[in-house]
Structures are given as C-alpha cells and as structure tokens.
Amino acid sequence: MAVSTPILGIAVLIYMMAVSYLGWLGYKQTKNTEDFMVAGRKINPLVLALSYGATFISTSAIVGFGGYAGAFGMGVLWLVFMNIFVGIFIAFVVFGSRTRRMGVNLGAVTFPELIGRRFKSRFIQGFSGALITLVMPIYAGSVLIGGARFMETALNIDYNSAVLILAVIVAAYVITGGLIAVIYTDALQGALMFVGMTLLLVLTYAKLGGVMESHQALTNMAHLVPANLAAVGHTGWTSMPLFGSPTWWTLVSTIVLGVGIGVLAQPQLAVRFMTVKNTRSLKRAVLSGGPFIFMMAGVAYIVGALSNVYFLENRGMIALDAAGGNIDLIIPEYINSAMPEYFIIFFLLTLLAAAMSTLSSQFHTMGTAVGHDLYREFIMKGKAGKTVTITKLGIAVTIVASVALAYILPIGIIARATAIFFGLCAAAFLPMYTGALFWKRMNRQGAIASMLVGAFTSLFWLTFVHAKEASALGISKALFGMDTILTGTWTVVDPILIATPVAILTAIIVSLMTQPDPQEHIEHCFRSSATND
Amino acid sequence: MLGIDDPQIWIAYLLCLLSAMGCILYGIIHWNDGKENEEGC
C-alpha cells in the first residue's frame, strides 16, 4: 500500500515491542500446567471478551468476507447477527458457564480432554486431538499467508522471510508464555482492531454522505450487477440473492449457518470458557463481546458493500471491477484509495493484529491437541513426560507443519481452509459437545458414534459433493473423472446441513440403544458447589 | 427503511445493532450475578 515505509516500520516496531512485553508478562505469570493450558482459570472478563473476539475475527473475516460483501452485498449481515447472538450470547451464557464448571469438575485443560473425560474415553480425546492436528494447520497456514502477504506489501520484505518472521514471533510468545501470553496479546490486538474498525465505519459513512444517503445510493446501483452474477442469483447489494439460487445457498448454508453455528464447537474458542474463575465473569464478558463483534464483522461487511458507492462515484465502476475481479482485493483497494494516509497505517496494523491474534490461539490449540491430547493422553495413556513440556514440543511441531503447508498447498485449498475447518468442527464436535453439556443420558457409545459419523460424513461431502472444496481437492476427479458425484443444488449445499443433522441423530439413537453411563460419574460431571451460580 | 428496500436486509442490519445492544444490557443487568468465589466443585 502507498504509505511511507519508515513511518509504518516504526509503527510495526512499537506494536511488536508491546506484543513482546505482554508475551513476557505471560511468561512471568506462568507457573504451572493450569497457567500454561487454561491461563490459571482467572482471566478478567474484559480481557476474555477482547481475546475471544480477536481470535474469532481473523484477517480473512475482515478482508475476505468484507470483500464478499463488496461483491455480493449486505445479505452477509445475517452472519454478523449469528456471530453476536450465537457466537457471543449463546456461546458465553448457555455453553460457556457449563463448560467452565464441567472443566473444573473434571480437571480438564483442553477441549478434547473435557469431552474425553465427560465420556470417560481416551479415544474421544485422542481422535479429537488428531482431527485438530490434521485439519487446523491448513486453517493456520491460510492465516499465516494472509499476515505474511501484508508484511510483504507493507514493509517491502520478501514473502518467504515474512512467513518465517511472523511464525517465529508468534511461536516465541506462545511457547514461552502459554495461554496467558496468548490472551494478553490478543486483548491488545483486539483493542487495536476495535479502534481501527470504528474509524473505518465513521470515515466511510462521512465520506459517502451519511448512513441513509449511502445506503440509498447503494440500493440505486442494483441495475449495475454484472450479468454473470445476476445469472447465479445476485439481485443487488442491498437485497438478498434470489431464493434457491446458487448464491443464496452459498450465503445461507455455508456462510450464515456454517460459520454462524460452526463457531460454537471451535476448540480454540471453547477452551476460553475454562479460563475464567466464575460464571459472573462470563456474563460480564457478554457486555463487551457483542459490541466488539459488531464493530469487527458488521463494519467490515457494511464498508465492503458500500465501497461500491465510492468506486461508482470516483471511478464509474463497481467494487469488483475496481479490484480487478479479485474479491480479496476489494477491501485493500478501497482503503488505499479512499482513506487518509494515517488511517492506512493504522489499518495495516489492525490487519496484522487480526492475523496474529488468530494465529497464536491456533498454535496453542494445535500444540495442546497433538502434544497433550493425542500423544500424552491417548498414545502414551498419560504416562509420558509433563503436559507443559510435551505441549511446547507439540506447538513447535505444528508451527513447522503450518509454515510448510503455507509454502506447499495450492492457493485453492488455502482459500477453502476456514470453511473446511468450521464444517468439520460443527459435524464432529458440536453434537457431542452439546450432548456432553446438556444431556445426561448421552453416553460414551453415542458420543463416539456421533463424532465418527459427523467427521466422516463431513469429509465425504467435502471431498465428493460440495463443489467448491471437491473441485479444489481434486480427489473426486482423480477417482471418478468428475468434480462431484452428485449434481445440481446438492453441490452448493454446505456439509454442515448434511453432516451435523446426521451426527445429531446418531448421537440420540446410539445413546438410547445402549446402557447409560454410571450415575455416579454423571453426578460428578454435572455437580455444582454450594456457592455456585 | 435506512435507505434499504429489501426487508430481509434492513431487518438483519437492525438485528445486528439490537443484538449488540442486547449484549450490553445483559452484561449490565447480570453484572453482579452469582458468587465471586465459586469454584464449580
């Protein structure tokens, strides 16, 4: 972007020093396993909310989905509503308080361990850990690429060096300071993101003549929708796509439902509920969590859509054309052309913060999944070394894997990584996690069956039916000579709509057909203290 | 409404704002819920 490199360099340096300081604070405060794994279960509600939000919202949520809004309009605001209502309110109030309490009751320090201990199954813990270890590096690789591309263009450094620099900095504070360092740095990054996005919203509405005026101008542009997009259901930037069209299915099934509901079962987010000391903290965190998500996702999508008005007034074209047809370039192109220089610098820092905050939590979760859940608890049956040592090794291994994937994987897969990860989590973990917390009759057999059926149905649908992933993976093409084995509407229905209901049914049927888990164990899982709630 | 003709969009826009405000209200109302020293076991 066209800003003064020395000024940006100094800003990035100051930011990196602040991050290093917070990482060091995390290191100083990490004294035992609970500190490293679940931040000692004593995190402040505001810090929790900022950290949760900053992890939740990555660079791709701002630039990728913001660009999607630039191309397809404001229908994606339904995702913002889901993010706030499901991703914050339901997550913190309904899932969070029970997760926290059960986590303490069972002494669990990771998401797979919580589920594994609830169902008394090392297999569940090991398989969940393996699934996270296998799929999350692709997601982390895509976030890493986003962050490195930013450093490449903004600071004029080589892309390969940028990947390494970013990975090493984040690795340093995640490995030494554990989850306390992750959460402290996240909170700083979250605060930066909040200021950056607030400025972006205000400057955009001011530039385009006000809230109503800019919306009306966007509404009046409906006739400018390109013919190829109109053919797949695009009806304008302030109206929903044509019901049942491919664009409608992608918006409703993949984006609004897939990402909107999938977030509940994200291991790197669910573990956060175990980092606070009481339910009161979770309720207090809702206060800042809701507005934070609105200012992140809501602003990115509103501004993304409104960039069309700016480009029409200034260049006589729609945003997609101004970005050369590349959706991912709509937000950068808009910021670069329409915003003042001081803001461009701030926004670049916002994007770096968004990438680093997501990355640090991914590294921590992957490290705990491969080191603690898969290796120590499942393979070695809890008899190998100390949890923290093994987890640190695990973090190092998964960071190397993510960096390698960032170099090796084709760009098509990287772009689909977030959707693949969200879909798998929703199918494999959500029914099992929900049952673990809310249905005492759900037993080990039901949980195992649900997790396996959910994971494999989701993988099957991604590989052979859902066109976007199936054609990018190319496995169906290699085996059957065609991109997808079904045709028509099926190829745009997201795996979450197929695999998650199948996994829910499996959980219910298998649990009811088999013996309940011992009553004593269930009471231990669900018990609450005399001073509780 | 809000310069947007399609109710499916302006309802989403308003719901985003209302749900964010709802979170603020919820946080304020439940600020002192529960006990400070609960441990969960």
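Which side chains meet in a salt bridge at 2.9 Å, N to O? I started my notebook with that one, keeping in mind that this is a predicted model.

**Entry 1: the bridge between chains.** I found A:Lys283 and B:Asp33 as the partners. The pair crosses from helix H13 of chain A to the segment after helix H1 (7-29) of chain B. Across the interface of chain A and chain B, the rule finds one salt bridge.

**Entry 2: the interface.** Next I looked at the contact itself. Chain A gives 41 residues to it and chain B gives 32. Together the two chains bury about 3400 Å², with 64% of that on carbon and sulfur atoms. I also noted 10 residue pairs in polar contact between chain A and chain B. On the side of chain A that touches chain B, helices H5 (77-106), H9 (211-219) and H13 (279-315) each supply at least two residues. H5(A) brings the largest share, 12 residues. By type, I have 19 nonpolar, 14 polar and eight charged residues on that side of chain A.

**Entry 3: salt bridges elsewhere.** Over all chains, the structure holds eight salt bridges. One of them joins A:Arg315 and A:Glu333 at 2.8 Å, N to O. I see that this pair links distant parts of the chain, helix H13 and helix H15 (residues 330-338) of chain A, 18 residues apart. A:Arg315 is partly exposed at 37%, and A:Glu333 is partly exposed at 25%. I also jotted down a network: salt bridges with shared partners join A:Arg122, A:Arg376 and A:Glu377.

How values were computed: Residues are numbered from 1 along each chain as its sequence is written. Chains are lettered from A and ligands numbered from 1 in the order in which they are written. This is a predicted model: local features need pLDDT of at least 70, side-chain atom pairs count only at pLDDT 80 or more; totals for chains, interfaces and linings use all residues. Side-chain values use heavy atoms; hydrogens and water are left out. Contact means heavy atoms within 4.5 Å. Buried area is the accessible area (1.4 Å probe) that two parts lose on being put together, summed over both. A salt bridge is a side-chain nitrogen of Lys or Arg within 4 Å of a carboxyl oxygen of Asp or Glu. A polar contact is a pair of N or O atoms within 3.5 Å; within protein, one must be able to donate a hydrogen and the other to accept it, and residues adjacent in sequence count only if both atoms are side-chain atoms. Helices (H or I, at least four residues) and strands (E, at least two) are DSSP runs, numbered from the N terminus. Ala, Val, Leu, Ile, Met, Phe, Trp, Tyr, Cys and Pro count as nonpolar, Asp, Glu, Lys and Arg as charged, and the others, Gly among them, as polar. Buried means under 20% relative accessible area, exposed over 50%, partly exposed in between (1.4 Å probe, protein chains only).
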